[in-house]
Amino acid sequence: MTTRRVLTGKHFMHGDYACAEGAIAAGCRFFAGYPITPSTEIAERLARRFPQVGGVFVQMEDELASMAAIIGSSAAGKRSMTATSGPGLSLMMENLGLAVMMEVPCVVVDIQRGSPSTGLPTMAGQSDVMQARWGSHGDYRIVAYSPWSPQEMFDLTILSFNVADRYRVPVIVLADEVIGHMVERVVIPPEDEISFWERKKPQQPPNGKFKPFLAESSDLVPPMAHAGDGYRVHFTGLTHDERGYPDMSAETHHQLVTRLIEKVRRSADDVTRTEDYYLDDARIVVISYGCTARSARRAVREARDQGIPVGMLRLISLWPFPEERVRELASNADAFVVVEMNLGQISNEVERVTRQPARGVFHAGGAMIPPEPILEAIQKVANDA
Amino acid sequence: MPEEKIVDRHPLDDIIRSDRMPHIWCAGCGIGIAMRCYAHAILASGIPVDQHVVVSGIGCSGRVAGYMNIDSYHTTHGRGVPFAIGLKLANPDLMVTVFSGDGDLAAIGGNHLIHAARRNVDVKVICVNNFNYGMTGGQVGPTTPTGARATTAPYGNPELPFNLPYLLAASGANYVSRWTVLHVRQLKQDILDAFNRPGFVFVEVLAPCPIGFGRANNIADGLEEMELYRERCVMADGVPLEQLGIDLREERPIYVGTFVDRDQPPYQPIQLEVDS
């Protein structure tokens with residue numbers, strides 16, 4: 001194996017490995033994790049690669065510790081990541097909320113498997129979508145991406161680090177087992193073509209006056225001082241004022257939580273990603289994501305061959321949910337078909353935004369949804385229209 | 001009468017957030033004394049103050065992170081140790097100390113504690129042990145002696161407590177000691193020594209919790225518990241680790257001092273020499 005930092009070139013690469021290489025290319029130099037199928041290959045790849053590129057790999061005692069460690073490492077200035085699957089994501093939810101509250105950037109990769117509970121460890125699922133959105137207690141907003149190929153495992157891991165740093169938020173790469181274990185062409189660009197969004201740093205020297213949670217810019221993101229920078233910052237999971245000091249008042253709490261949510265809401269134009277297929281004249285819109293979108297695209301093509309005016313919106317960002325784009329499509333479309341490997345999670349979002357019932361093609365997980373039931377659903381909707 | 005002298009500054013003004021005073025601790029609580037020893041050790045350490053980082057979990061002792069005027073992280077319940085590991089491994093120049101309580105470190109954070117000791121990570125842990133959960137109002141904890149009363153053990157604790165030095169020694173900690181908040185000079189010196197000792201250090205500090213523990217267990221106030229420390233503390237020269245358990249209600253020695261002093265190399269992440 002090469003020891004280069006960025007493996008520029010064309011590869012035939014495993015999705016989990018592509019994620020690991022994306023992290024390295026993004027400048028991630030700290031990984032703390034706990035082995036769990038089907039994400040383990042990310043840890044394995046980084047255990048091998050990080051020592052070659054100056055990164056720190058540490059296998060923790062559990063996912064609680066893994067999540068705590070990456071927040072600590074990021075607070076000291078390193079781009080940091082963990083990777084897991086559903087049962088581990090449940091344990092990480094505690095400190096995911098801490099990252100939200102402390103505004104410490106980090107990336108959490110969830111290679112989804114069949115759930116709930118231990119479920120289907122080696123088989124695919126897409127049923128952590130709502131957990132990714134709401135899993136930690138309290139009001140907050142999250143950013144989560146859904147790759148549909150090993151190439152996107154690479155690309156979206158980099159984007160996740162950039163979004164995390166720019167907005168000081170945890171970002172979830174919400175992949176599924178099919179994509180994590182898929183081997184496919186991955187093109188890695190030259191190092192200087194990989195975009196890097198910096199964390200905002202304090203503009204003033206450490207003089208005792210810096211307020212680490214004072215957001216003066218319209219993006220509502222405060223500059224971040226790291227441990228050892230000399231600013232003597234205080235970070236807490238308690239409700240805190242602009243100095244970072246605990247403040248047990250309803251007023252401060254409302255201000256803080258509102259800013260944390262508004263910060264992510266305002267980022268929507270910058271962080272939301274979708275892709276269109278045959279949507280220009282579509283009367284029927286299929287919405288799908290991750291591995292499921294690969295079957296859905298095939299079904300849409302076949303339906304087009306049959307003369308049905310159908311297109312597909314692929315969700316690349318699940319959270320924030322691409323509301324504006326879906327609303328726009330709803331103004332022209334007669335019907336929506338939502339395809340996902342769960343029993344209806346994103347479909348609720350689609351119905352909320354379009355204010356009309358969507359036809360679901362659902363499966364609880366364990367195997368990819370084949371194109372046939374999707375095609376049938378499209379035909380049915382076309383006949384009903 | 002000595003002449004009254006007004007001074008402008010307290011020696012610890014620079015590293016305690018005086019704008020956060022008064023603190024939340026009860027009268028007679030020992031945590032402030034332990035924090036003061038930590039603060040003095042920082043100033044005496046010769047390590048620049050800006051390289052010191054304190055990490056806490058949740059609880060009364062966990063509030064120390066909020067009062068120290070250094071880079072400070074008040075994390076989730078029990079997770080101070082793994083958070084500290086992240087800080088230290090990301091920036092090895094930092095001197096990372098976890099300052100937290102027995103419930104936080106040994107119950108909800110118990111797994112992290114023993115694994116950090118096993119790894120021998122270069123993190124210092126100051127564990128204030130007051131034998132109960134103080135902040136939530138005197139509940140039974142992992143160090144509450146068998147039979148002692150607590151709000152969630154109104155008929156007496158039916159469980160056996162942890163003997164923390166024994167646990168930490170078995171888990172592989174490089175250095176394990178115990179003092180009380182009566183032993184301010186020894187405690188400060190011990191923390192100072194900890195800064196200069198690579199690897200995982202665990203310092204247990206016994207501290208009165210007159211409201212949470214004392215009231216339910218016939219210890220009238222903080223002063224009475226300090227008196228118990230004065231009467232019963234004995235330097236543990238060669239006392240077997242399994243005999244280091246504590247029950248303040250029994251008239252038997254409380255062993256203090258250094259119990260483990262190993263010189264194992266601290267955890268180092270694997271780094272390869274690679275041309276890049």
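Two strands pair if DSSP finds at least two bridges between them. Keep that rule at hand for the exercises below. The model is predicted.

**Exercise 1. Which strands make up the open sheet of chain A, and which stand at its edges?**

Step 1. List the order. The sheet has 5 strands, arranged β11-β13-β12-β15-β16 (chain A). Its pairing is mixed.

Step 2. Find the edges. β11 (274-277) and β16 (359-362) of chain A have a single partner strand each, so one side of each lacks a neighbour in the sheet.

Step 3. From one strand to the next it averages 20°.

Step 4. Look at one pair inside the sheet. β12 (residues 284-288) and β13 (residues 310-315) of chain A run parallel and share 5 bridges. Within this pair, Ser288(A) faces Arg314(A) of β13(A).

Step 5. Place the helix. α10 (residues 290-305) of chain A packs on the sheet. The strands touched by α10 are β11, β12, β13 and β15 (335-340) of chain A. The direction of α10 makes about 165° with that of β13(A).

**Exercise 2. Describe how the two domains of chain A meet.**

Step 1. The domain assignment puts domain 1 at 9-193 and domain 2 at 277-384 of chain A.

Step 2. The C-alpha centres of domain 1 and domain 2 of chain A are 27 Å apart.

Step 3. Count the contacts. On domain 1 of chain A, 24 residues take part; on domain 2 of chain A, 22 residues do.

Step 4. Name the elements on the domain 1 side. At least two residues each come from β6 (120-124), α5 (129-134), β7 (143-145), β8 (170-176) and α7 (177-180) of chain A. The largest share, 4 residues, belongs to α5(A).

Step 5. Sort that side by class. It holds 16 nonpolar, 5 polar and 3 charged residues.

**Exercise 3. Is strand β6 of chain B buried or exposed?**

Step 1. Recall the cut-off. A residue is buried if 20 or more other C-beta atoms lie within 10 Å of its own.

Step 2. Apply it. In β6 (residues 201-206) of chain B, 6 of the 6 residues are buried, so the strand is largely enclosed by the rest of the structure.

Step 3. Check each face. Val201(B), Val203(B) and Val205(B) lie on one side, with Phe202(B), Glu204(B) and Leu206(B) on the other, and all are buried.

Step 4. Find the partners. β4 (residues 124-129) of chain B pairs with β6(B) in the parallel sense, over 6 bridges. Here Cys127(B) has Glu204(B) as its bridge partner. β5 (residues 175-180) of chain B also runs parallel to β6(B), joined by 6 bridges. In β6(B), Leu206(B) is the residue opposite Thr180(B).

Step 5. β5(B), helix α7 (residues 184-195) of chain B and β6(B) form a right-handed β-α-β unit.

**Exercise 4. Which element of chain B gives the most to the side that touches chain A?**

Step 1. Count both sides. 34 residues of chain B contact 42 residues of chain A.

Step 2. β2 (71-74), α3 (80-90) and α5 (110-119) of chain B supply at least two residues each.

Step 3. α3(B) gives the most, with 8 residues.

Step 4. Sort by class. The chain B side has 15 nonpolar, 14 polar and 5 charged residues.

Step 5. Look for strand pairing between the chains. β10 (residues 234-236) of chain A and β2(B) pair in the parallel sense over 3 bridges. Phe235(A) has Tyr73(B) as its bridge partner in β2(B).

Technical notes: Residues are numbered from 1 along each chain as its sequence is written. Chains are lettered from A and ligands numbered from 1 in the order in which they are written. This is a predicted model: local features need pLDDT of at least 70, side-chain atom pairs count only at pLDDT 80 or more; totals for chains, interfaces and linings use all residues. Domain bounds come from an automatic or database domain assignment. Two residues are in contact if their C-beta atoms, placed from the backbone, lie within 7 Å. Ala, Val, Leu, Ile, Met, Phe, Trp, Tyr, Cys and Pro count as nonpolar, Asp, Glu, Lys and Arg as charged, and the others, Gly among them, as polar. A residue is buried if 20 or more other C-beta atoms lie within 10 Å of its own, exposed if 12 or fewer, and partly exposed in between; C-beta atoms are placed from the backbone. A crossover is right-handed if, with the strands pointing away from the viewer, the path from the first strand over the helix to the second runs clockwise. Axes are lines fitted to C-alpha atoms, for helices over the stretch in contact, and angles run from 0 to 180 degrees between N-to-C directions.
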